[in-house]
Amino acid sequence: MYHILIVDDEKIERNGIVFLLNRLGIELKISQAANGQAALDLLKGVKQGRKEPVDILLTDVKMPFMDGIELIQATQGIGLKIKTIIFSGYNEFEYAKLAVKLGVSDYILKPVNPQEFEATIRKVIGELEEEQKQKVKQDQRDDYMREYLLYSLLNHADPVRIKEQAGMLINASFWNRYHRMMLLEFNQDFFGKVVTDFEAEVLQ
């Protein structure tokens, strides 16, 4: 289930967005904030692990205490990667230019058109799903490569050569984890499958 944070200083606007989201039939966790500062406080809690991760930030531009552009900049400043959608009644070119520079996924004008809103939300969720699929594939490739490297070391491969071959495919922290190696003998292949050089090339 994806988590979306709606940020707008007008409660009626937030309620309208919640209504539209509920009509989509998509299972979502919905949170709200009345201004940018309140939203940033919540997102800082996410960064610190005290709050549930937020996947989509849907924010107004003009708000007290902290506007939507400042909120997006602050969110990026604390290192959170969140899909962001701006919605505002202020159809000004400067906001559109800033949104592009900040990597905003989309820009919706008020009053919100239900069809445009649905298309935007489904597009962003589609991007999240695709990124998740790619992450799973990358994690599988990384696990497979680490298994192959350890298997090679256990079978007397030269550690220096193995490290050179791995290159940028394996994060440096992987090597720093291991300071000693203990050899155990099993009646069958420990990893369940022998990884060939050809398979290793395919992984690259």
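Trainee: Which residues does Asn35 touch, not counting residues up to four places away in sequence?

Mentor: A contact means heavy atoms within 4.5 Å. With residues up to four places away in sequence left out, Asn35 touches Val7, Met63, Pro64 and Phe65. Residues are numbered from 1 along each chain as its sequence is written, and side-chain values use heavy atoms, with hydrogens and water left out.

Trainee: Where is the place of Asn35, and does Asn35 count as buried or exposed?

Mentor: Helices (H or I, at least four residues) and strands (E, at least two) are DSSP runs, numbered from the N terminus. Asn35 sits in the loop between S2 and H2. Buried means under 20% relative accessible area, exposed over 50%, and partly exposed in between (1.4 Å probe, protein chains only). Asn35 counts as buried because its relative accessibility is 12%.

Trainee: Which backbone nitrogen does a side-chain oxygen of Asn35 reach at the start of H2?

Mentor: A polar contact is a pair of N or O atoms within 3.5 Å; within protein, one must be able to donate a hydrogen and the other to accept it, and residues adjacent in sequence count only if both atoms are side-chain atoms. Here the side-chain oxygen of Asn35 comes to within 3.0 Å of the backbone nitrogen of Gln37.

Trainee: How many residues has helix H2, and which of the residues in H2 are buried?

Mentor: Helix H2 (residues 36-47) has 12 residues and spans 16 Å from first C-alpha to last, close to the 16 Å expected at 1.5 Å a residue; the expected span is 1.5 Å times one less than the number of residues. An α-helix has 3.6 residues a turn, so residues three or four places apart point the same way. In H2 the buried residues are Gly36, Ala39, Leu40, Leu42, Leu43, Gly45 and Val46. Their cover includes strand S1 (2-7), strand S2 (28-33) and helix H3 (68-77). Just after H2, Gly49 adopts a positive phi of about 80°.

Trainee: What is the phi of Phe65?

Mentor: Most residues other than glycine have a negative phi, and most peptide bonds are trans. Phe65, although not a glycine, has a positive phi near 70°. Phe65 belongs to the loop between S3 and H3 and, because its relative accessibility is 71%, counts as exposed. As for peptide bonds, the one from Lys110 to Pro111 is cis, with omega near -10°. Pro111 is placed in the loop between S5 and helix H5 (114-154).

Trainee: How many bridges join strand S3 to S4, and how many join S4 to S5?

Mentor: Two strands pair if DSSP finds at least two bridges between them. Four bridges join S3 (residues 56-59) to S4, and these strands run parallel; Leu57 has Thr84 as its bridge partner in S4. S4 and S5 are also parallel and joined by four bridges, with Ile85 standing opposite Asp106 in S5.

Trainee: How many of the residues in strand S4 are buried?

Mentor: Six of the six residues in S4 (residues 83-88) are buried. Lys83, Ile85 and Phe87 point one way from S4, while Thr84, Ile86 and Ser88 point the other way. Two of these residues, Lys83 and Thr84, are also in contact with Ser105, as are Lys123, Val124 and Glu127, neighbours within four places in sequence being left aside. Ser105 lies in the loop between helix H4 (93-101) and strand S5 (106-109). Ser105 is buried because its relative accessible area is 18%.

Trainee: What pattern does the protein follow along the sequence?

Mentor: The pattern is β-α-β-α-β-α-β-α-β-α-α-α-α, made of eight helices and five strands. Buried residues make up 36% of the 204 residues.

Trainee: What pLDDT does the protein average?

Mentor: The average pLDDT is 82, and 76% of the residues score at least 70. Over residues 195-204 the pLDDT is below 50, and this stretch has 15 contacts in the model beyond near neighbours in sequence. Where pLDDT is low, the predicted coordinates should not be read in detail.

Technical notes: pLDDT = per-residue confidence, 0-100.
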